[in-house]
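Q: Hi! I have a structure open here and would like to talk it through with you. Shall we start with how a contact is defined?

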Amino acid sequence: MSEDTSFEISEKTLKEIKKKKKEMGFSKKSWDDWFQSLFEDQKSESTQEKIERIFEKTTLDTYYDEWIQNFSSNLDYIKSGYSARDLIPDSPSSSSSSIVIGRGPSIKKHNHLEILSKSNYQGTVICTDGSLINALKSGITPDRFKKFFVITIDTQERQKKSYDDPIVKKYGKQIKCILSSTVSSHTYKIVKESGMQVYWIHTLVDYDKGKSSFNYISGLMTKTKTNPRGLPAIQTGGNVGTSAWIVGWNILKHTHVGLIGIDHGYYSDERSSDDHILPDGDINSSKFKKAYPKIHNPIYNVTCIQDPIFQYYSNALKEFILKASKYVKTINATEGGTIFGNGIECVTLKNFIKNFNF
Amino acid sequence: MIKGNFKIKKIEQNDENQEEREFEQLIERSGAGSHMVFRSKNEDDEFFIDEL
């Protein structure tokens, strides 16, 4: 079935259209093929790009105002505090390692906190905020692991719970805490009350938008006479685990960064309760299977379920690890999870401690 | 001026596009990340910027 639709253009326009079609290599192809090719850019968006585009919008819609309000509340503390730049060594060691501790399900499954606490690991410990209390309670303390850091980038008030325990106060003075300039002031206060030394950092969100960006404006506002360069800024990869990995090699300048508890997936139907939502719908439909894929890790023969947020995080982290492999060796000692592939060495935690104990 | 005619073929609803739209809606309803992935035309800026 077809219908006729009239159109009217000038002779000059027709000539230019024909010329363009020929120039683009479509002289012998149909008009429809050529028009389709003109819209190819929109069609070629990968699933990863699509997920990133959607989460960029939902994250900005959800948190942008909160980032600005928190930054405003923290500004006086930032101006009178330390910059994370102060942690960058003048002469980085030619071989040094750190281990990032996440709170993914593998951390319990493989007793990794216990294994690390009983080890003689000499490198740096970087706890994600959500793992801090459990790490300390497991014996991973700054008494035994002298180079001890914790990081918070999340901006919600609930993050203060990560520091709300007597054991944090017990060891606070021996722990260096890296805080995003956009964390809740409640988080900052509980960190300060624990005795930790705070080092401020910016998190990159919109710096590519130029002088009108929040990053540019907040960067300018943190510059003072005593700190004319303000704070450095890091990629977060959307989550604190990736931020801790970035801190390991970009701030602390370690040549090797290990990961534990960084699964970016679930081993069963147990789901994270924070921001991960399972929408209503047919979980057996093809769109659900694409949004919630099962990822088989052939190295440890385990299968994880990802949700869109974990896809968002893990796609970026894997891409960044590969791109950064000329600067840092990333060793995933999680013994499972979804972070494997090009540029990622997967070993057991025991072997990480044995082989990268510097 | 030149007059012409488009001969338009009507096709059935594109199932693929429909599924992609539903997939996007599903992603939108799955929550928000705690932070966001930063992208830049200059890839070197994507990891670390010493001074904003």
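A: Happy to! Two residues are in contact if their C-beta atoms, placed from the backbone, lie within 7 Å. Also keep in mind that this is a predicted model.

Q: Good. With that in hand, what does Asn297(A) touch, leaving out residues up to four places away in sequence?
A: Asn297(A) touches Val302(A), Cys304(A), Gly336(A), Gly337(A), Thr338(A) and Phe340(A).

Q: Is Asn297(A) buried or exposed?
A: Asn297(A) is buried, because 21 other C-beta atoms lie within 10 Å, and a residue counts as buried at 20 or more.

Q: Where is Asn297(A) in the secondary structure?
A: Asn297(A) is in strand β10 of chain A, residues 294-297.

Q: And which strand does β10(A) pair with?
A: β10(A) pairs with strand β11 of chain A, residues 302-305, in the antiparallel sense over four bridges. Lys294(A), for instance, has Ile305(A) in β11(A) as its bridge partner.

Q: What about the turn of that hairpin?
A: The hairpin of β10(A) and β11(A) has four residues between the strands, and Asn301(A) takes a positive phi near 50°.

Q: Where does Gly341(A) sit?
A: Gly341(A) is in the loop between β12 and β13 of chain A. Gly341(A) counts as partly exposed, because it has 15 C-beta neighbours inside 10 Å.

Q: You mentioned β12(A). Which strands does it pair with?
A: Strand β12 (residues 329-332) of chain A pairs with strand β9 (residues 256-260) of chain A, parallel, over four bridges. β12(A) is also joined to strand β13 (residues 344-346) of chain A by three bridges, and these two run parallel as well.

Q: Which residues stand opposite Asn332(A) in those pairings?
A: Leu259(A) stands opposite Asn332(A), and in β13(A) the bridge partner of Asn332(A) is Cys346(A).

Q: Switching topic: how many residues are in the largest nonpolar core?
A: The largest nonpolar core has 83 residues. Those with the most contacts inside it are Val100(A), Val125(A), Ile126(A), Ile151(A), Ile178(A) and Val247(A). Helix α13 (residues 308-323) of chain A gives the most to this core, with eight residues. As background, nonpolar side chains tend to be buried together in soluble globular proteins.

Q: Which residues are in contact with Ile151(A), apart from its neighbours within four places in sequence?
A: Ile151(A) is in contact with Ile126(A), Thr128(A), Asp129(A), Ile178(A), Val240(A), Ser243(A), Ala244(A) and Val247(A).

Q: Let's look at a helix. Which residues of α10(A) are buried?
A: In helix α10 (residues 214-221) of chain A, Asn215(A), Ser218(A) and Gly219(A) are buried. Viewed down the axis of α10(A), the buried residues fall within an arc of 105°, so they line one face of the helix.

Q: What do they pack against?
A: The buried residues of α10(A) pack against α4 (47-80), β7 (197-203) and β8 of chain A.

Q: Now chain B. What does it look like?
A: Chain B has one helix and two strands, in the order β-α-β along the sequence. Of its 52 residues, 29% are buried.

Q: How many residues does each chain bring to the contact?
A: Chain B brings 37 residues and chain A brings 60 residues. On the chain B side, β1 (2-9), α1 (15-28) and β2 (48-49) each supply at least two residues. By type, the chain B side divides into 15 nonpolar, eight polar and 14 charged residues.

Q: Which strand of chain A is joined to β2(B)?
A: That is strand β8 (residues 233-234) of chain A, which runs antiparallel to β2(B) and is joined to it by two bridges. Ile234(A) stands opposite Phe48(B) there.

Q: Last one: what are the confidence scores?
A: The model scores ipTM 0.85 and pTM 0.87. Chain B averages a pLDDT of 84, with 88% of the residues scoring at least 70. Within chain B, confidence is lowest in β1(B), at a mean of 78, and highest in β2(B), at 94.

Key
Residues numbered from 1 in each chain as written. Chains lettered and ligands numbered in written order. Predicted model: local features only at pLDDT ≥ 70, side-chain atom pairs only at ≥ 80, totals over all residues. Nonpolar A, V, L, I, M, F, W, Y, C, P; charged D, E, K, R; others polar. Pairing = 2+ DSSP bridges. Core = buried A, V, L, I, M, F, W, Y, C linked by C-beta atoms within 7 Å. Buried ≥ 20, exposed ≤ 12 C-beta atoms within 10 Å, placed from the backbone. pLDDT = per-residue confidence, 0-100. Arc of directions from axis to C-beta.
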